[in-house]
There are 4 protein chains.
Amino acid sequence: MRILFLGDVVGNLGVEMVSKYLPILKRDYKPQVTIVNGENSTSFGRGINKKVYKQIMSAGTDVITLGNHAWNNEEIFDFIDDTKKLVRPLNYPGKDVPGSGYTIINVNNKKLAVVNLQGRIFIDPIDDPFQKIDELISEIKKEADAIFVDFHAETTSEKKAMGMYLDGQISAIVGTHTHVQTNDDQILKNGTAFISDVGMCGPFDSVLGMKYENIIHRFITQRPTRFEVEEKGRGIVSGCVIDLRDDGTARSIEKILIDPNHPYKG
Amino acid sequence: MRILFLGDVVGNLGVEMVSKYLPILKRDYKPQVTIVNGENSTSFGRGINKKVYKQIMSAGTDVITLGNHAWNNEEIFDFIDDTKKLVRPLNYPGKDVPGSGYTIINVNNKKLAVVNLQGRIFIDPIDDPFQKIDELISEIKKEADAIFVDFHAETTSEKKAMGMYLDGQISAIVGTHTHVQTNDDQILKNGTAFISDVGMCGPFDSVLGMKYENIIHRFITQRPTRFEVEEKGRGIVSGCVIDLRDDGTARSIEKILIDPNHPYKG
Amino acid sequence: MRILFLGDVVGNLGVEMVSKYLPILKRDYKPQVTIVNGENSTSFGRGINKKVYKQIMSAGTDVITLGNHAWNNEEIFDFIDDTKKLVRPLNYPGKDVPGSGYTIINVNNKKLAVVNLQGRIFIDPIDDPFQKIDELISEIKKEADAIFVDFHAETTSEKKAMGMYLDGQISAIVGTHTHVQTNDDQILKNGTAFISDVGMCGPFDSVLGMKYENIIHRFITQRPTRFEVEEKGRGIVSGCVIDLRDDGTARSIEKILIDPNHPYKG
Amino acid sequence: MRILFLGDVVGNLGVEMVSKYLPILKRDYKPQVTIVNGENSTSFGRGINKKVYKQIMSAGTDVITLGNHAWNNEEIFDFIDDTKKLVRPLNYPGKDVPGSGYTIINVNNKKLAVVNLQGRIFIDPIDDPFQKIDELISEIKKEADAIFVDFHAETTSEKKAMGMYLDGQISAIVGTHTHVQTNDDQILKNGTAFISDVGMCGPFDSVLGMKYENIIHRFITQRPTRFEVEEKGRGIVSGCVIDLRDDGTARSIEKILIDPNHPYKG
Ligand SMILES: [Fe+2]
Ligand SMILES: [Fe+2]
Ligand SMILES: [Fe+2]
Ligand SMILES: [Fe+2]
Ligand SMILES: [Fe+2]
Ligand SMILES: [Fe+2]
Ligand SMILES: [Fe+2]
Ligand SMILES: [Fe+2]
């Protein structure tokens with residue numbers, strides 16, 4: 001099974017980049033399943049709405065994952081419970097969290113569980129991701145032939161620790177949230193594909209997708225600053241392609257990076 | 001001018017890897033100046049001491065930079081004031097901070113300023129790195145032909161913001177501290193070389209250089225856990241090579257990564 | 001010299017409580033100067049505007065201090081530079097911060113400096129309050145007969161440390177920001193009046209002035225929740241009265257607390 | 001039922017103060033049960049050991065509670081499982097946490113549950129205290145006639161929110177951890193006794209029990225500083241007395257504060 005994954009789609013330019021390159025990537029890589037993180041896909045870079053959900057899906061996406069910005073646009077409550085294609089972080093607390101933290105889909109007569117999990121270091125104190133993923137794996141491991149985790153977290157330590165913790169139990173764990181791709185894609189010792197962060201899809205000449213002038217103003221003044229998504233200029237597409245063997249272990253993980261310095265060669 | 005930079009050296013295995021590969025890298029890349037971050041180079045992974053300082057220097061290093069762990073081994077106070085080759089973060093507060101935040105060295109009849117700067121997001125609230133680097137640049141820009149900054153910081157946002165803030169004013173800014181190499185090496189619009197993090201030199205099968213069992217135990221229990229440097233197994237060497245033009249702008253930045261998946265080909 | 005100080009005024013109910021009780025407190029305590037923290041005085045509990053500024057002043061206030069919420073209502077930029085009666089935290093970074101971090105006023109032929117200082121532990125990484133207050137004291141100590149500091153900070157450790165650091169150099173340092181009065185009012189060894197926090201003026205049946213249902217919802221769900229100021233129910237007035245000797249040392253500090261359990265007896 | 005509670009005992013001077021004043025307080029207040037927070041009772045101010053455990057117990061304590069420093073002295077593992085008188089925070093994660101998060105004791109033919117709960121804001125990301133106390137109350141409410149909670153937390157918001165959340169479900173919730181007594185002792189609307197923090201038992205001329213010179217050095221330099229418990233000078237005893245009705249609701253809560261400015265009058 002081949003999985004194509006793209007990281008945090010940021011703003012209009014992010015949606016445009018995905019709309020443009022996802023069909024090309026699918027044509028060239030021929031993944032059986034495509035997953036995209038959409039936690040920043042509204043025009044203001046926070047949360048998702050029905051319109052961009054449809055845009056990302058119609059570009060060829062099978063499942064959209066989210067992150068700490070999942071709830072920043074209230075429109076999500078209108079449709080998150082109606083779709084099995086939109087997955088929010090598993091470990092938000094409480095029994096009535098809208099949506100689901102995972103979905104199981106059919107891929108080539110195999111069942112693939114797509115899980116969204118969120119870290120806690122320097123983010124919100126939600127439920128323990130180690131406990132919750134343990135419980136979920138116990139629950140679904142008979143049903144699912146392979147488990148893919150989008151681990152939305154800030155620090156390299158929490159990400160690598162989670163990777164090594166889950167190594168051998170799941171097929172792949174890929175990081176999102178920092179919006180910068182790391183160069184540590186690898187198959188861990190027991191067969192799980194891992195990368196700390198795949199990076200984002202959005203404006204290249206920006207700070208994490210936002211206009212750099214605003215971000216710098218905030219750092220320099222420490223006074224409230226309205227952050228705005230960069231809408232102009234050059235774009236970036238970041239992600240990875242993972243190949244699984246029939247037994248669910250990972251054969252390979254390959255980074256995808258399309259930006260002004262890395263034009264797509266196809 | 002060609003600069004070779006290696007990221008945070010962690011523990012004995014890190015020092016070994018540098019001792020082994022630095023001569024080879026210098027032979028092959030022929031840098032005129034070599035800079036290594038040594039903030040984790042003691043056997044316990046925190047701070048530096050005279051012995052490892054000498055080991056890293058004798059491997060062919062010209063300047064050693066540090067970071068938030070600079071002060072974790074008190075032995076540093078014995079020699080930091082006696083050497084111009086060891087640079088601690090510029091923006092520690094107070095007027096009597098031991099050592100210096102930068103050094104200016106002669107490279108090919110040019111003067112290169114090597115600066116160590118530290119971020120504040122999710123690290124200690126030291127003096128404002130934006131203010132301090134502004135002041136330093138004003139002070140040294142006549143004297144220095146080129147300025148290289150090792151920006152030791154946690155978040156991708158603070159790093160990219162600092163990069164774009166300094167773009168055009170300095171020759172290069174490379175990140176350290178997360179111990180994971182990022183894949184965003186680039187020449188910014190106004191000619192400054194940038195990468196969010198070059199990654200570490202140390203044990204590969206570890207969490208940031210530490211034994212993963214301890215780190216996982218800490219995440220799972222949230223109880224105090226003694227962290228130990230991983231001393232066994234495979235190693236990793238991470239860094240970059242930067243080429244500067246005569247006018248101090250950057251021509252290129254190239255990542256260096258030597259690990260089990262990327263054996264050195266020379 | 002007798003100083004009356006009231007802590008963070010929160011929302012409409014806070015302004016009402018100050019309007020009602022400040023004249024009574026002034027009649028009974030006969031302070032020569034009255035200072036009120038207004039960082040939460042808008043109807044939504046964040047920042048200040050011209051209307052509430054006038055309401056608080058006309059209740060009998062001489063100087064209004066602020067805190068981390070100073071900039072949350074942009075209306076402040078319309079008048080902060082026009083008045084010497086509104087003081088924002090001294091240690092916001094940069095040279096063009098609107099307003100001033102202190103003011104010097106005449107009280108009984110003495111000059112009293114009123115300073116607003118902000119802590120950094122668990123708040124924003126602004127400039128070092130220890131450095132900045134040192135510099136200010138050096139600058140104004142000849143001019144000012146007495147110095148009063150409203151130290152807006154989160155932790156008891158930073159507050160007590162600052163108190164002991166400044167003990168003997170200033171007349172009084174009183175804490176704000178936690179919205180809960182502490183019971184540690186005291187004259188420190190070298191004559192400085194101190195209390196960790198004076199508490200707030202606002203709605204009593206609330207969490208720090210906000211509707212408790214929203215705050216609890218946020219804690220339980222960790223999802224974004226709109227916080228609203230509690231506008232109904234019973235009120236609280238918190239503050240202190242400080243008596244200074246002619247040499248600027250503090251003779252006494254007395255807490256003021258008016259709430260349903262402590263009706264004002266006059 | 002009358003409960004006497006004393007806050008965080010810090011170091012040798014703290015143990016001395018408890019040994020001296022607890023018998024006097026018991027003689028005068030005649031509580032049926034005495035609870036003391038011992039999380040800082042070793043000579044270095046972190047954790048507890050067998051020796052000080054015995055000292056605090058033999059001063060007349062029935063149950064000792066803890067907090068985030070529970071595990072800082074490994075000696076605790078030698079005896080925490082052998083005693084029902086030592087309670088660690090309920091919400092540490094995992095199934096094999098040493099000790100227990102609560103104990104149920106007989107007081108006057110009534111069963112009193114003594115619970116230790118820990119907050120998460122600006123402390124470690126342990127399990128959700130709101131979830132865990134809900135589960136515990138469901139489990140023990142038939143067995144226990146009254147429930148007393150020592151809520152060890154940093155912020156006033158988390159403390160007041162927890163108080164209002166539990167109001168009417170338990171008899172009393174008292175805060176610890178900030179080491180400074182608050183002046184907001186009250187009976188909440190539905191009959192639960194509440195105070196944000198009772199304060200500490202230890203050295204008065206200190207920052208939270210530690211030598212102020214070290215703490216100030218740390219704030220000013222941001223470099224590692226060895227913190228030492230203040231062993232000399234004047235002491236402080238902080239706590240409260242709570243009276244419960246037969247139905248478990250609280251009739252009254254009264255602060256206890258003995259320090260140089262508030263000598264004990266008996
Ligand atoms: Fe994101
Ligand atoms: Fe995110
Ligand atoms: Fe490091
Ligand atoms: Fe570091
Ligand atoms: Fe406030
Ligand atoms: Fe505040
Ligand atoms: Fe404590
Ligand atoms: Fe504590």
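This tour visits the interface of chains D and C and then an iron site in chain C of a predicted model.

Residues are numbered from 1 along each chain as written, and chains are lettered from A and ligands numbered from 1 in the order of writing. In this predicted model, local features need pLDDT of at least 70, side-chain atom pairs count only at pLDDT 80 or more, and totals for chains, interfaces and linings use all residues, while side-chain values use heavy atoms, without hydrogens and water.

**The interface**

Select chains D and C: 38 residues of chain D are in contact with 38 residues of chain C (heavy atoms within 4.5 Å). About 3300 Å² is buried between them, 67% of it from carbon and sulfur atoms (accessible area, 1.4 Å probe, lost on being put together and summed over both parts).

Then colour helix 5 (156-166), helix 6 (212-221) and strand 13 (250-258) of chain D; each supplies at least two residues of the side touching chain C (DSSP runs, H or I of at least four residues for helices and E of at least two for strands, numbered from the N terminus). Helix 5 of chain D gives the largest share, seven residues.

**The iron site**

Now centre on the iron ion (ligand 5), coordinated by C:D8 (OD), C:E39 (OE), C:N40 (OD1) and C:H179 (NE2) at 2.1 to 2.2 Å (donors are N, O and S atoms within 2.8 Å of the metal, or 3.2 Å for Na, K and Ca; water is not among the atoms, so sites may look incomplete).

Conventions:
Buried area = accessible area lost by both parts, 1.4 Å probe.
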